Amino acid sequence: MELKGKVAIVTGAVGAIGRGICKVLAAAGMHVAIADLLPEQCDRFADELNASGASALGVATDVTSRESTGQMARRVLEAFGRIDVLVNNAGIIRVAPLVDFKEEDFDKVIDVNLKGALFCAQAVVPDMMKNMNGRIINMSSVAGKRPGPLQSAYAATKHGLIGFTQVWCQELAPYHITVNAVCPGFIDSPMWSEHLGPAYAPAFGVEPEKLIETVAKIHMPLGRPQTPEEIGEAVAYFCMADSTSGQALVIDGGHAMW
Ligand SMILES: NC(=O)c1ccc[n+]([C@@H]2O[C@H](COP(=O)([O-])OP(=O)(O)OC[C@H]3O[C@@H](n4cnc5c(N)ncnc54)[C@H](O)[C@@H]3O)[C@@H](O)[C@H]2O)c1
């Protein structure tokens, strides 16, 4: 698919990886809908992209609400007339040992990471079916392939997103809609500073803020964390590719060889 002039919705768009994805898609000439929780942050990032000559629209969205995801799709259709790409990137993590995992934390992670992706897909797929064209890209993780300890809820959702990818790939193929997943490795973000750092750093004998660099040096042949733009490039590939569907592409510096 030629990207110039096409319309993409990116959820979790003002987060670390979301920004990288939006920048790459906007630079390729796509109209980009910035879908995240807070209206001011969405509008500010859209303004930033538009100031550099891109075409972006802030669309405050809570992916856990069917009403909100329906509004998101309607606003994007009003503004741009079509929806070609959905990037289900919004995601959260909670870490705890199995026996201590709180039900409310488990439910929250399932709601955002899995139910959110389902609601967003349900909101946009009717328009893609009508156009007989579309791309859905689900943001999984290396945790969807080889998770670490303490990640019961997160790993379940990231495996689940690969499950969605394989199911939807088959259901939507007759409408020329491809469905793929990206599995990022380690990208510096609040997930690391607020959750993974405090949980895992003591085992590595480093301060929490040093964890990502430390584990990248030890566990990644390329020896460094990935950048948000590198994840954006994988998303752009799936947007372009006409014959690739049902795949989960790992971008992790060689951390795990599948
Ligand atoms: N950072 C990593 O190392 C890493 C690795 C693998 C996969 N991922 C995945 O990449 C995606 C983006 O993560 P990130 O690292 O940029 O994290 P981040 O915390 O920087 O961004 C996540 C974004 O999702 C948004 N969000 C949360 N709940 C939402 C909701 N209900 N509705 C709409 N938006 C919501 C947040 O506001 C935030 O902007 C996530 O799905 C994450 O699981 C991240």
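In this predicted model, strand 5 (residues 134-139) and strand 6 (residues 177-184) pair in the parallel sense over six bridges; strands are DSSP runs of E with at least two residues, helices are runs of H or I with at least four residues, and both are numbered from the N terminus. Pairing requires that DSSP finds at least two bridges between two strands. Within this pair, Asn138 stands opposite Ala181 in strand 6. Residues are numbered from 1 along each chain as its sequence is written. Because the model is predicted, local features need pLDDT of at least 70 and side-chain atom pairs count only at pLDDT 80 or more, while totals for chains, interfaces and linings use all residues.

An open sheet is formed by seven strands in the order 3-2-1-4-5-6-7, with parallel pairing. Its edges are strand 3 (55-58) and strand 7 (248-251), each of which pairs on one side only. On average, neighbouring strands of this sheet are turned by 20 degrees against each other, direction ignored. Axes are lines fitted to C-alpha atoms, for helices over the stretch in contact, and angles between N-to-C directions run from 0 to 180 degrees.

Helix 2 (residues 39-51) lies across strand 2 (31-35) and strand 3, and runs at about 170 degrees to strand 3. Helix 5 (residues 152-172) packs on the sheet, where it touches strand 5, strand 6 and strand 7; the direction of helix 5 makes about 165 degrees with that of strand 6. Residues are in contact if their C-beta atoms, placed from the backbone, lie within 7 Å.

The axes of helix 6 and helix 7 (residues 211-219) come within 9 Å and cross at roughly 60 degrees. Helix 6 is therefore oblique to helix 7, where angles under 35 degrees count as roughly parallel, over 145 as roughly antiparallel, 65 to 115 as roughly perpendicular and the rest as oblique. From helix 6, Trp192, Leu196, Gly197, Tyr200, Ala201 and Phe204 meet Leu211, Ile212, Thr214 and Val215 in helix 7. The residues of this contact divide into eight nonpolar, two polar and no charged; Ala, Val, Leu, Ile, Met, Phe, Trp, Tyr, Cys and Pro count as nonpolar, Asp, Glu, Lys and Arg as charged, and the others, Gly among them, as polar.

The domain assignment gives domain 1 (7-185 + 227-248) and domain 2 (187-225), with bounds taken from an automatic or database assignment. Their C-alpha centres lie 24 Å apart. Eleven residues of domain 1 are in contact with eight residues of domain 2. On the domain 1 side, helix 1 (16-27) and helix 8 (228-240) are the elements that give two or more residues, and the residues of that side comprise eight nonpolar, two polar and one charged.

The ligand is surrounded by 27 residues, the closest being Gly12, Gly15, Ile17, Gly91 and Ser189; a residue is near a molecule if its C-beta atom, placed from the backbone, lies within 6 Å of it. Helix 1, helix 4 (103-131) and helix 6 (190-204) each give two or more residues to this shell. The largest share, three residues, comes from helix 1. Domain 1 and domain 2 each supply at least three residues of the shell, whose residues divide into 14 nonpolar, eleven polar and two charged.

How values were computed. Contact = placed C-beta atoms within 7 Å.
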